[in-house]
Amino acid sequence: MDRTTHILFGYVTASLMFGPTGAAQSVTRKAPTAAEWASLAKLPDFNGVWESAPGGGAVGRAGGRGDATAKGGPAPAAAGAGRAGRGGGPSLTPAYAAKARARTANPAEDAQAANCLPPGLPAIMNQPYPMEFLLTPGKVTIVIEAYTQVRHIYTDGRPLPADPNPLFYGTSVGHWEDDILVVETVGLAEVPRGLTFPYSEKLKVVERFRLTGPDTMSIETTLIDPEAFTAPYSMGTRNLARHRTWTIAEYICEENNRNFVDDKGNAGTKLSNPLSSAK
Amino acid sequence: MRNTKQAVRQAIIVVSLLAGGASLVLAHHSYSAFEMAGTRVITGTIKKMDWTNPHTWIWIDVANEQGVVETWGIEGMSPNYLERRGWSRNTIKVGDKLSITFHPLKNGDKGGSFQSAQRPNGEVLGMTPPISDK
C-alpha cells in the first residue's frame with residue numbers, strides 16, 4: 001500500500017466508521033492489520049528521540065522564552081508577539097489589538113510553569129528537553145519529557161471536531177502530504193502556551209514536520225485565527241536533532257519545585273527545609 | 001573507572017567551554033527572582049545535593065563574616081539536562097569543598113542561580129547558564 005493509498009484507506013475507513021457527522025469521540029479503534037503495520041515502513045522515519053538543535057530557529061526562541069516570560073507582554077497590535085518570531089507577531093483585529101493593550105497593564109513576573117503548570121501547544125514543543133516520536137497505525141504519539149506530557153495525533157483520517165472541548169494541547173489530526181506530516185490542532189483553551197498575544201477559541205495551529213537529513217527534522221508552525229488575526233501568522237521553522245542513544249527520562253515537576261509565581265504575579269524561590277527534599 | 005571519570009570530567013569541561021556562547025531556551029521559570037546582572041562567589045562544604053527535577057539544588061555550608069556557618073541553596077539545571085552533558089548524581093558529593101559562582105536572589109535570601117563551580121584543585125564545573133529574561 002503506497003502512501004496515497006494509505007491516506008485514502010484511512011479516509012475511507014474513517015468515513016465508514018464515523019459517518020457524515022464526524023463524531024471523533026465515538027471512534028472505535030480496531031486492531032491494526034499486518035498490512036497497516038507494514039505500511040508504516042514506507043513513511044519517513046520520524047521514530048526516535050529528538051531535541052531542539054542548537055540555534056533551533058525562530059520558534060525555538062519564541063515558544064520557550066515566551067513560556068517563562070509573561071512579562072514584557074505584548075505591545076499593541078502588530079508588535080504583539082514581542083519575541084514570538086521574525087514577523088514580530090500576528091496582525092491583530094481591532095478587538096484583539098485592544099485586548100493586547102489591556103494585557104500590558106500589569107504583567108506577571110513569571111508564567112504559571114514556575115508553579116509546574118505545563119505550557120500548552122505550541123510552547124510544549126519547544127522545551128530544552130527531548131521528545132520521542134512514535135508512529136503506529138493511524139496515530140503519531142509524541143512523548144514529551146518536559147512535564148511528562150503526551151500529544152496524541154490521529155492520522156486515521158478522522159476529521160477535526162466541529163465543536164471541540166478547549167484543552168491545553170487541543171485536539172490534533174494529521175495527514176501526510178508526500179513526506180511531510182501536516183498536523184492541525186483546534187480546541188485550544190486560553191492557558192499559558194508561550195504566546196504573548198491574545199487569540200480566540202477559533203485558533204488553529206498547523207505544524208508541518210519534515211525530515212531534512214538522516215537525523216534532522218524541521219517543524220514549521222503557523223497560527224490561524226480568523227477572529228483574532230487578520231492573516232495567518234507564521235512562527236517560522238524550528239530544527240530538531242535526533243539523538244539515537246538517548247531515551248526519555250522522567251520529569252516530575254512537583255518533585256522538588258522551589259520556584260513559584262503568586263496570585264499577584266510576583267515570582268519567588270522557596271529555600272525552606274533544604275533537607276526535606278524528595279531524595 | 002578511571003576512563004569513565006576522565007570522560008565525565010572532559011564532558012563537563014566541554015560544557016563549561018560551550019556555556020559562554022550557548023543560547024538556551026528556558027523551560028521552567030523566568031529568572032526574575034534572581035539578580036542576573038550580578039554574580040557572587042561563596043566557598044564552603046557541600047551539605048546535600050538534590051538530584052531532582054525540575055532543578056538540581058546544591059546545598060552548601062558557608063561561614064559568614066562572623067564565622068557562623070549558614071546553609072545556602074543554589075539552583076542548577078535539571079538532572080535530565082545535566083546527565084546528557086556529562087554530569088551524574090555523584091559529580092558533586094556531600095563533603096566536597098567548592099567555590100560556587102551564582103546569581104543571587106534579589107530578596108537577599110541565601111540562595112541563587114548556579115553559574116559555575118570550582119574545586120580546590122582548579123577543576124571547573126559548568127552547566128549551560130540560564131538566560132535572563134530581560
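Start by selecting Leu92(A), Leu121(A), Ile124(A), Ala146(A) and Leu223(A): of the 41 residues in the largest nonpolar core, these touch the most other members. A nonpolar core here is a set of buried Ala, Val, Leu, Ile, Met, Phe, Trp, Tyr and Cys residues joined through C-beta atoms within 7 Å. Buried means that 20 or more other C-beta atoms lie within 10 Å of a residue's own, exposed means 12 or fewer, and partly exposed is in between, with C-beta atoms placed from the backbone. A second, separate core has 21 residues, including Ile58(B), Met77(B), Ile92(B) and Leu125(B). Nonpolar side chains tend to be buried together in soluble globular proteins.

A word on what you're looking at: this is a predicted model, where local features need pLDDT of at least 70, side-chain atom pairs count only at pLDDT 80 or more, and totals for chains, interfaces and linings use all residues. Residues are numbered from 1 along each chain as its sequence is written, while chains are lettered from A and ligands numbered from 1 in the order in which they are written. The predictor gives the complex an ipTM of 0.78 and a pTM of 0.81.

Next, pick S7 (residues 204–213) of chain A. Helices (H or I, at least four residues) and strands (E, at least two) are DSSP runs, numbered from the N terminus, and two strands pair if DSSP finds at least two bridges between them. On one side, S7(A) runs antiparallel to S6(A) (residues 180–186), with 5 bridges joining them; look for Val182(A) opposite Arg208(A). S7(A) also pairs with S8(A) (residues 216–224), again antiparallel, over 9 bridges. These two strands form a hairpin with 2 residues between them, and Gly213(A) stands opposite Thr216(A).

Which residues other than glycine have a positive phi? Tyr147(A) counts as buried because it has 21 C-beta neighbours inside 10 Å. Then try Asp178(A), with phi near 55°, in the loop between S5 (171–177) and S6 of chain A. Asp178(A) is exposed, with 8 other C-beta atoms within 10 Å.

While you're in chain A, zoom to the peptide bond from Leu121(A) to Pro122(A): it is cis, with omega near 5°. Pro122(A) is in the loop between H4 (94–103) and S2 (131–136). Over in chain B, a cis peptide bond joins Asn53(B) and Pro54(B), with omega about 0°. Pro54(B) is in the loop between S1 (40–50) and S2 (56–63) of that chain.

Stay with chain B and show it as a cartoon. You'll find 2 helices and 6 strands, in the order α-β-β-β-α-β-β-β along the sequence. Of its 134 residues, 40% are buried.

Last stop: colour chain B by pLDDT, the predictor's confidence in each residue, from 0 to 100. The mean for chain B is 81, and 75% of its residues reach 70 or more. Select residues 10–25 of chain B, where pLDDT stays under 50, then residues 129–134 of chain B, where pLDDT also stays under 50.

Note on methods: Contact = placed C-beta atoms within 7 Å.
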